[in-house]
Amino acid sequence: MNKDFYNPVEGISRDELRKLQYTRLQKTIASALNVPFYQKAFKALGLSASDIRSLDDIIKLPFTTKDDLRNNYPFKMAAIPLKDCVRVHSSSGTTGNPTVVLHSKNDLDAWAELVARNLYMVGVRDTDVFQNTSGYGMFTGGLGFQYGAEKLGCLTVPAAAGNSKRQIKFMKDFGTTVVHIIPSYATRLAEVMAEEGVDPKKDLKIRILAIGAEPHTEEQRKRIEELLGVKAYNSFGMSEMCGPGVAFECKEQNGLHIWEDNVIVEIVNPVTLQPVPDGEIGELVLTTLNREAMPLIRYRTRDLTRIIPGDCPCGRTHRRLARFQGRSDDMMILKGVNIFPIQIEKILMGYKELGSNFLITLETISNNDEMTVEVELGELGTDNVGDLKDLVKDITRKLKDEILITPKVKLVPKGSLPSAEGGKAVRVKDLRKLF
């Protein structure tokens, strides 16, 4: 059993971990009650801090939602004086107020420790050169991984997002060995390498990728690993919890260890909000345990996943989350059928003739809602019309088996669809008429 931990808390017993969680939960509640929002929420439930006598009592506590954060924009969720906060991050929003998260100096130190813990878990050491292809600024993926890699002692390359040719030049010139990158951009970068005549397996030293920020399938991960000749480890984070660092895969690649000294994990039915058994898919709900500036109680992440039962061979005792199935608010409803983009990706990534870029368009045609799936051909695509027709037919059949409706499938040349360079890939365009 591997006991090479960055922090001994990774391997403490479940009983010790629960005791630590309860102690920290009591402090979290006391801090949260400095916030008018939580004062009102507790009062509405007739609840006081003394009513929480064990971890099991967490179900008595109120939920917090993204709308609650937006309604208290910008700083009404602060539990400490604003003068004691040293940074603010916000998540993007297409309409209305963004969600804002405040951090104290201790919050930033704890966040960096979590990211360092994650990187160390998959073999990153102070001898590595770490290149970060995430955007900096308000997006947490940039600064979060930056400070975590620095804490671990890596030589860091804050390359930021986009400019693929420059990314590749840095990788070659600086001897980059570890890269943080979103999955859709990883496949795009591999395409640019091919165009530039760069063989990542021979010309570069990259051995580890940290991938996250958008849902992706196991098929997509395997494709990335094959294209770049690396091991790609799934990362989970969200700005409301701090950013990257919340959960990460170990070398076993059999689920993301979620750091339970930092959060309490619940999986609930997204409709009834009741807990579901381990192994059953539901919505991830998190309570912060080590946050000074802005503690959050039972935050509904909208992410759909499940707890993987059993122990991990790596020896870490913190529970594991399965690969995310998508978000409850990303779900498409078409002709009464619930569909997630990741279901479509799973089918498309099974075809060697296809690239990694695709776009789902929903539109109303003759008063009927229809789905069109456009997908780029890959390097192994064909110009033979007969072969293309057979390929479209086979893809359509497999998609129908998976999502229970028949989409219109279009194969388009490589580079036809908007690329993910510089940001998350746009996978769904909903043009339906709403009456």
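User: Which residues touch the most other members of the largest nonpolar core?
Analyst: Let's start with the packing inside this predicted model. The largest nonpolar core holds 64 residues. The members that touch the most others there are Leu61, Phe236 and Leu286.

User: Which helix gives the most to this core?
Analyst: Look along residues 105-121. That stretch supplies eight residues, the top contribution to the core, and it is helix 4.

User: Which isoleucines does Leu286 touch, leaving out residues up to four places away in sequence?
Analyst: Leu286 has contacts with Phe236, Met241 and Tyr299, among others. Picking out the isoleucines from its contacts gives Ile258, Ile264 and Ile297.

User: How much space lies in the largest cavity?
Analyst: Searching the whole structure turns up two cavities of 30 Å³ or more. The lining of the largest one includes His103, Trp111, Met241 and Arg291. Helix 4 provides the largest share of that lining, four residues. The space inside is about 110 Å³.

User: How do the lining residues of the second largest cavity divide by class?
Analyst: This cavity has about 30 Å³ of space. Its lining is made of Met171, Val179, Ile181, Leu189, Met193, Ile206, Leu209 and Leu228, with at least two residues each from strand 5 (178-181) and helix 7. Sorted by class, there are no polar and no charged residues, and the nonpolar ones number eight.

User: Which helix gives the most to the lining of the second largest pocket?
Analyst: Four elements each supply at least two lining residues: helix 7 (183-195), helix 8 (200-203), helix 9 (218-228) and strand 18 (354-365). The top contributor, with five residues, is helix 7.

User: Which residues lie nearest the centre of the second largest pocket?
Analyst: This pocket has about 430 Å³ of space, and its lining runs to 22 residues. By class, those are ten nonpolar, four polar and eight charged. Nearest the centre you'll find Ala190, Glu191, Arg223, Leu227 and Glu379.

Note on methods:
Residues are numbered from 1 along each chain as its sequence is written. This is a predicted model: local features need pLDDT of at least 70, side-chain atom pairs count only at pLDDT 80 or more; totals for chains, interfaces and linings use all residues. Side-chain values use heavy atoms; hydrogens and water are left out. On a 1 Å grid over the protein atoms alone, a cavity is a set of points where a 1.4 Å probe fits but cannot get out, and a pocket is an open set with protein on both sides within 12 Å along at least five of seven lines; lining residues have an atom within 4 Å of a point. Grid points are joined across faces, edges and corners, and a volume is the space filled by probe spheres set on the points. Ala, Val, Leu, Ile, Met, Phe, Trp, Tyr, Cys and Pro count as nonpolar, Asp, Glu, Lys and Arg as charged, and the others, Gly among them, as polar. A nonpolar core is a set of buried Ala, Val, Leu, Ile, Met, Phe, Trp, Tyr and Cys residues joined through side-chain atoms within 4.5 Å. Buried means under 20% relative accessible area, exposed over 50%, partly exposed in between (1.4 Å probe, protein chains only). Contact means heavy atoms within 4.5 Å.
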